[in-house]
Amino acid sequence: MRSLPQTCASSIKKLLALFSLMSGGEKIVECVPNFSEGRRADVVEAIAAAVRETEGCSLLDVAPGDSTNRTVYTFVGRPESVLEGALAAARVAFKLIDMTKQKGEHPRLGALDVCPFIPVANVTMEECAELSRRFGCRLATELSVPVYLYEYAVAVGNDRDYRRTLPQIREGEYERLRNKIQKPEWAPDFGPADYIPSWGATVTGARSFLIAYNVNLLATKEQAHRIALNIREQGRGPSQPGRLKAVKAIGWYLDDQDLAQVSINICDFQTTPLHVVFEEVCKDAKGAALGTMVGLLTYGKKKYEDLDDVMRKTIGPLHDNLQKMMPLVDRDSEAFAEYMMASKLPQKTEEEKKIRDEKMAAGMRTAVSVPLSLVRAGCECWPHLLTLATHGNIQTMCDLRVSWNRISLTTSDADFAASVREEGERLAGYSTKLCASVLASIDEREKEGS
């Protein structure tokens, strides 16, 4: 194991050498192969060593993931050196990775899942595309494995737009490859149209720089993936596109870190900047609280695995109700301002008095509506909290009690605020109508709670 100072010094030397080559007009290519192994340190290191020992290659980063069971390698160099480095790494992986035994959160098609080539300096995208084709041809010939081309490596104008992107090719993943590869429309670009159980298939191509960016959440896997579907350009399909251009995303749960994560690839940071991605994720993730936490501490635990279906049905709606409540809590503190501003309007003439009265009435309606909306949203939480109280992890009951009491106080205070803000007989009817259904819900909750 190298010490941190030595590692940093080595990286700095590599970068200085890289800058020297770039300034000298040398062609520089980056390669970022993703291998389906992130748990066995000896295998991760053996693949890294193969790259490191290839003349002309500078290995910049090795990023293994336990839950994803995947390692991303980043190295740079002259085109020929990078090609040889990628092949050397693939040869080692062919000996050490067995896809019949591989499982992980990240989607994958093969042992060397994807191997993109990226132009860095003095090299065109087409040159990188040709480099990836040469890599694919040699890999298929040497190891007798199927290889697919993607992105810029796919010839423009061909009739295979259905298999141009990585998600298209990877659909069904390794588990469905056996049947998929036998179909004529899914014959590989290089190598045999055979199912190789220990390897699967490899995808290679050329692409632009992308930013891999992860956002951690206190949420379920389902909630994280729902956020990913909302923000990614692909969305839920052609009829339901996502909000952000040039963004790919997936949601999963990292058992080794005990948290959910939205894993994001920003394919063009000029089209969609990183901070915009973060803000959009936060917008959808807002509102997670103690009730959700109780569900999370029950869901997925072996002791409570028979309750997973109950927890799935409870956590989502509870989280959605909390999302409704959070902005209402903020709005409640501002709701009365409209009424107060109206009360300061001039009232010297009958016309001014009329305008003032109308605006005060409108302001009071807002001041009454907001806390009552908060009460209504809070009441919608009760059935889900009761489910958690009945089925949840016993060790979280204290947190659940706090959650129950907090929502009780919030709804009670909001109801009181609404009643106090009634302005005489003019608004009594309006407030009474609004309060009626809410008070009925509170009465029902009191019976259930007792």
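The legends below describe close-up views of a predicted model. Local features require pLDDT of at least 70 and side-chain atom pairs pLDDT 80 or more, whereas totals for chains, interfaces and linings use all residues. Residues are numbered from 1 along each chain as its sequence is written, and side-chain values use heavy atoms, with hydrogens and water left out.

**View 1. Packing of helix 3 against helix 4**. Helix 3 (residues 79-96) and helix 4 (residues 125-143) have axes 10 Å apart and an angle of about 30° between them. Helices are DSSP runs of H or I with at least four residues, strands are E runs of at least two, and both are numbered from the N terminus. Axes are lines fitted to C-alpha atoms, for helices over the stretch in contact, and angles run from 0 to 180 degrees between N-to-C directions. The crossing of helix 3 with helix 4 is right-handed (the near helix is turned clockwise from the far one by less than a right angle). The contact comprises 10 nonpolar, no polar and 6 charged residues (Ala, Val, Leu, Ile, Met, Phe, Trp, Tyr, Cys and Pro count as nonpolar, Asp, Glu, Lys and Arg as charged, and the others, Gly among them, as polar).

**View 2. The largest nonpolar core**. A nonpolar core is a set of buried Ala, Val, Leu, Ile, Met, Phe, Trp, Tyr and Cys residues joined through side-chain atoms within 4.5 Å, where buried denotes under 20% relative accessible area (1.4 Å probe, protein chains only). Among the 59 residues of this core, Ile 47, Phe 117, Phe 135, Leu 139, Tyr 148 and Trp 199 touch the most other members. Helix 3 supplies the largest share, 9 residues. Another core, of 19 residues, lies apart from it and includes Tyr 213 and Tyr 253.

View 3. Beyond neighbours within four places in sequence, the contacts of Thr 74 include Glu 30, Val 32, Ser 58 and Asp 61.

**View 4. Crossing of helix 7 and helix 8**. The axes of helix 7 (residues 221-231) and helix 8 (residues 274-285) come within 10 Å and cross at roughly 130°. Helix 7 is therefore oblique to helix 8 (angles under 35 degrees count as roughly parallel, over 145 as roughly antiparallel, 65 to 115 as roughly perpendicular and the rest as oblique). Ile 227, Asn 230 and Ile 231 of helix 7 meet Glu 280, Val 281, Asp 284 and Ala 285 of helix 8.

Notes:
Contact means heavy atoms within 4.5 Å. Buried means under 20% relative accessible area, exposed over 50%, partly exposed in between (1.4 Å probe, protein chains only).
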